[in-house]
Amino acid sequence: QRPVVATNINGPSTTCTGSSALYSVIPNPGSTYHWTVTGGQPISNQDLDSLLVQWPNIGSGIITVYETDFAGCNGPVTVLPIRINETPFTPVLDGPSEACIGDTLSYSAGQYTGSTFHWTVNTGNIGYQHPDSADVSVNWYVPGINMISVYAASSNGCCSRSWRCWP
């Protein structure tokens, strides 16, 4: 008797270069699972009902899995095609590192084709330029240690940092 196998691999079919993603199937007691990955690198045990994969290069990939049940019978192969989009370069923040209370200073993230920029400051106001642009002005109004950060996001949903893009 053939094992009962999940018809779907759960996990993202679109990802970004340099990212890791978790893929899984619905487990059956006593079964082992046999994963293969093309275009990515498995970074967890390949005999379990889930697999962590890192996607290093732009292009396409494929994940396959089949189940072997407790009696040693193999189930059918399930396939998930993967699209791997380019992650934008991490912007290099350029601007002054010291400010006086009330100063309005300019900062730049450089120019990267096809990216928008997402700026955050902990105790200042971003003003004058559009906050998605590569250049902003910040009015610093609180004494102490203040922070500014920026990341690039591409139209394909990839970010220059490892966490989720913010809308």
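A disulfide is a pair of cysteine sulfur atoms within 2.5 Å. The legends below describe close-up views of a predicted model.

**View A. The disulfide between Cys-16 and Cys-158.** The sulfur atoms of Cys-16 and Cys-158 are joined at an S to S distance of 2.0 Å. The link is left-handed, with -95° about the S-S bond. Because Cys-16 belongs to strand E1 and Cys-158 to the segment after strand E12 (148-154), the pair ties together parts that lie 142 residues apart in sequence. Both Cys-16 and Cys-158 are buried. A search of the whole structure finds 1 disulfide.

**View B. Cys-73 and Cys-100.** Cys-73 has a relative accessible area of 26% and is therefore partly exposed. Cys-100, at 52% relative accessibility, counts as exposed, since the exposed class begins over 50%.

**View C. The open sheet of 4 strands.** The strands follow the order E1-E7-E6-E3, and their pairing is mixed. Strand E1 (14-16) and E3 form the edges, each pairing on one side only. On average, neighbouring strands of this sheet are turned by 25° against each other, direction ignored.

**View D. Strands E3 and E6.** E3 pairs with strand E6 (residues 59-68) in the antiparallel sense, over 7 bridges. His-34 stands opposite Tyr-66 of E6, and Val-37 has Ile-63 in E6 as its bridge partner.

View E. Tyr-33, Trp-35 and Val-37 make up the covered face. The uncovered face consists of Thr-32, His-34, Thr-36 and Thr-38.

How values were computed. Residues numbered from 1 in each chain as written. Predicted model: local features only at pLDDT ≥ 70, side-chain atom pairs only at ≥ 80, totals over all residues. Heavy atoms only, no water. Buried < 20%, exposed > 50% of the residue type's maximum accessible area, 1.4 Å probe, protein only. Helix = DSSP H or I, 4+ residues; strand = E, 2+ residues; numbered from the N terminus. Pairing = 2+ DSSP bridges. Axes fitted to C-alpha atoms, helices over the stretch in contact; angles between N-to-C directions.
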